[in-house]
Amino acid sequence: MKACAVRNIRLCTKDCLCLYVCPTGATDTENSIIDVTKCIGCEACAKACPSGAISMMPLELPVQQVKQAEVINSLKEMAGRKVKKEEQALSLAKKEEKLGLKRLLIALATAERFIAEDLLREAGYMLPQSANAHRFLEDLIANPPTEDFPKEIAQKLLELIPNNEEV
Amino acid sequence: MQEKSEEKVLSKVQKEEDLEKLSTGQMAALCSNLARGCEKQYKEEETALFTKLASYFSAISPEVKDATVEKISEELQEDLKAYPSLRATADAAEDRGAARVCVWGEKATRMLSSLLNRYQEEGEKMFENQEIWVCSICGFVYLGNEPPNICPVCKVPAFKFMKIEGGKI
């Protein structure tokens, strides 16, 4: 599988073995980010790093798990409950003057959004490369929710992200 | 026999027309989820674009006018009652990912519910010298000076917690 090396700066201990072994100089950058245009995916840096700070990100991902319609609908229903409370908490937080309650409401809205994201991830939207994600973007372009929907953003995403379920 | 059960599974697999339409709020969360999916793959431009779409959907979501703390508190209780049947659906389909999201979501929801109930009893003094932290992976909310070393729900380390700042929304 073709892959590209990525450095986790939180783990990097600057032993610089990646610089010693890299055949193309991809790891030697001033911003610590491995140069994707130079990396040939040979894994030499990942194997040499004493801190386990380099991993290999596959360039092509396998197709995500197929989900049953009943599971998808139940997960979406719960996600709907979660975003409803996110919206309620945010509208209350906007006008709340008591600072503690205001923070709690913002925390609640933030948490409900994260929970909703997780539910939708399991409802068939794990990968941006999935056919579901592509269908979602295509539907938005075909039936924009409002007149000022930024179609160009959806179009750009379809161009940038390959559909890994396309036959 | 084997063939028949496979057929049954296939007929239950996702078909476009069986799926419910999403609200603008759900679409916002769907886009911010896909932004995360891009971020994890170090795709900066794609992350920014999905984040913009998420903001668009949040902006067009209708303003909630009748929200109260009591109402949110009641709805959290309803979520807690709804999780077991979601879990049963996940288990019936042998969908471990969906079962996992039930475990995390139910625990995080229980914490939200208990914090809101506590606020209704104690008021502002419950926040004295306390920061509010949210786990950016599972939504677990924690009160304390520092975030927990490891999230008690999803087990990620402390740096995955975000601090909720005062006035900003």
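## Domains of chain B

The C-alpha centres of domain 2 of chain B and domain 3 of chain B lie 18 Å apart in this predicted model. Domain 2 covers residues 68-125 and domain 3 covers residues 129-169, while domain 1 of chain B takes in residues 22-60. Where domain 2 of chain B meets domain 3 of chain B, six residues of the former are in contact with six residues of the latter. On the domain 2 side of that contact, five residues are nonpolar and one is charged, with no polar residue among them.

## Fold and confidence of chain B

Chain B holds five helices and three strands, and their order from the N terminus is α-α-α-α-α-β-β-β. Of its 169 residues, 34% count as buried; among the contacts in chain B with a separation of 6 or more, 48% join residues 24 or more positions apart.

The pLDDT of chain B averages 89, and 86% of the residues score at least 70. Over residues 1-11 of chain B, however, pLDDT stays under 50, and the model has zero contacts beyond four places in sequence for this stretch. For the complex, the predictor gives an ipTM of 0.93 and a pTM of 0.91.

## Contact between the chains

Between the two chains, 67 residues of chain A are in contact with 66 residues of chain B. On the chain A side, the elements that give two or more residues are α3 (69-95), α4, α5 (131-142) and α6 (151-160) of chain A, and α3(A) gives the most, with 24 residues. Sorted by class, the side of chain A that touches chain B has 38 nonpolar, eleven polar and 18 charged residues.

In soluble globular proteins, nonpolar side chains tend to be buried together. Here the largest nonpolar core has 74 residues, and those with the most contacts inside it come from both chains, namely A:A107, A:A111, A:L119, B:C31, B:F50 and B:V141. Helix α4 of chain A, residues 99-122, gives the most to this core, with twelve residues.

A:L119 shows in detail how the chains meet: leaving aside residues up to four places away in sequence, A:L119 touches A:L75, A:M78, A:A79 and A:K82 in chain A, and also B:V101 and B:G105 in chain B.

Methods
Residues numbered from 1 in each chain as written. Chains lettered and ligands numbered in written order. Predicted model: local features only at pLDDT ≥ 70, side-chain atom pairs only at ≥ 80, totals over all residues. Domains from an automatic or database assignment. Contact = placed C-beta atoms within 7 Å. Nonpolar A, V, L, I, M, F, W, Y, C, P; charged D, E, K, R; others polar. Core = buried A, V, L, I, M, F, W, Y, C linked by C-beta atoms within 7 Å. Buried ≥ 20, exposed ≤ 12 C-beta atoms within 10 Å, placed from the backbone. Helix = DSSP H or I, 4+ residues; strand = E, 2+ residues; numbered from the N terminus. pLDDT = per-residue confidence, 0-100.
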